[in-house]
Amino acid sequence: MKCTGPSEGEKFAFVLEHALAREAKIWKVPIFQDFTLKGTDIPPSYYEKAVLWIGELSSLFQFCSGTFALATSILNRLLASVKARLKYLQCIAIACLAVAAKINEEDEIIPSVKKLAVQSGCKCSPAEILRMERIVLDKLHWDLYTATSVDFLNIFHAMVMSKWAHLLHGLPQTNPSRHAAFLTKQLQHCMACHQLLQFKGSTLALVIITLELERLTPDWFPVITDLLKKAQMDSTQFIHCKELVDQHLRSFQPSNAVYIFNPASQNIQTHLDERLPCCYSVVKKAVQIKLQAGGSQAVPAVFTPLQASTYEDEMETDEFYDGFKYLYNEAGTPEAGQSSNDQLRQKESSSFCPPLEPAPEVD
């Protein structure tokens, strides 16, 4: 008689149970009181900036989304364990990211401490970062790894897709891995909000899944009820978290990016100014005023984005998708309903810069 192993649902239930047990043992977050972190001089806005900065560095060094989540978890546990000073917050943040990278990333991806200090633009020396790493390890007793909110998001998403994969059929050009990448971006957006610190990563992840299911199908309630039962989650905390996340994600609305062509040659610039409509010079002056007011350095690329943040979000989602597609065995296989020619046209249309025509010859 052939012995059958555990079913896919039983495997997911076991992974979820193990992750919840680990979270219950390790989870610890700082408390904000009187507009500052309790016992410190760190205001909520600086905490949020530190988390967002960790996310920017993770993208810069091409770390996976799990590294960002683990770094944020380490930061929260440390700030809950010690009375940190605001002037050390940047050094603490980059040290937490360095430790998380050493746990999650491959050796060839991890930058040296010197490279980390230089490319991050922080004011810490490599010796200070190494010293802060040792402090982090000592204060947390070298017990760093825990189930993060990204881990729970992947678990819940896989459980939904294993039983209700038809929910994505109505979404164009969407598969499970690309959908998981989109939800991960939403989750990271919420992880930088100090008002959501009071909720565990499992609660936050399930709320993100719930809000997405509400958008996709009217029959979302049985799905979430099943997940709530398996996660053994307090419904009161869940509802409160759902209200706050829903309000916070309203500001997370994508819009189109606009690019302006800045010719490198002064002759081409003079020739184009004579032929382009007056609105071009008006928009160009607006961009220059915006850059001067913000103290930003000129972008060395040919195109200067007026509203680049949304397009960067899309690019980062694609980066997450490149990693998630292997979880769903989508690597090297075309998406359903797409031919090779359609994929080629889609790739050309989604390139970083819009197509350019040759510059007019100068007489």
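**Close-up views of a predicted model**

**View 1. E133 is a buried residue of helix α6.** E133 has 6% relative accessibility, so it counts as buried (buried is under 20% relative accessible area, exposed over 50%, partly exposed in between, with a 1.4 Å probe and protein chains only). The residue is found in α6, residues 126–139 (helices, H or I, have at least four residues and strands, E, at least two; both are DSSP runs numbered from the N terminus). Leaving aside residues up to four places away in sequence, E133 touches A95, A98, V99, K102 and V113 (contact means heavy atoms within 4.5 Å). This is a predicted model: local features need pLDDT of at least 70, side-chain atom pairs count only at pLDDT 80 or more, and totals for chains, interfaces and linings use all residues. Residues are numbered from 1 along each chain as its sequence is written, and side-chain values use heavy atoms, with hydrogens and water left out.

**View 2. R134 and D138 pair within α6.** A salt bridge joins R134 to D138, with the closest N and O atoms 3.4 Å apart (a side-chain nitrogen of Lys or Arg within 4 Å of a carboxyl oxygen of Asp or Glu). Both residues lie in helix α6, four residues apart, about one turn of the helix. D138 has a relative accessible area of 39%, so it is partly exposed.

**View 3. D143 forms a salt bridge with R22.** The closest N and O atoms are 2.5 Å apart. D143 lies in the loop between α6 and α7 (149–163) and R22 in helix α1 (residues 8–26), so the pair ties together parts 121 residues apart in sequence. D143 is partly exposed at 25% relative accessibility. R22 is also partly exposed, at 23%.

**View 4. E214 forms a salt bridge with K242.** Here the closest N and O atoms are 3.0 Å apart. E214 belongs to helix α9 (residues 201–216) and K242 to helix α11 (residues 235–249), so the pair ties together parts 28 residues apart in sequence. Relative accessible area is 31% for E214, which is partly exposed. K242 is partly exposed too, at 21%. A search of the whole structure finds seven salt bridges.

**View 5. Helix α8 is largely enclosed by the rest of the structure.** Twelve of its 16 residues are buried. Among them are S177, H179, L183, L187 and M191. The helix covers residues 176–191 and reaches 22 Å from first C-alpha to last, close to the 22 Å expected at 1.5 Å a residue (1.5 Å times one less than the number of residues).
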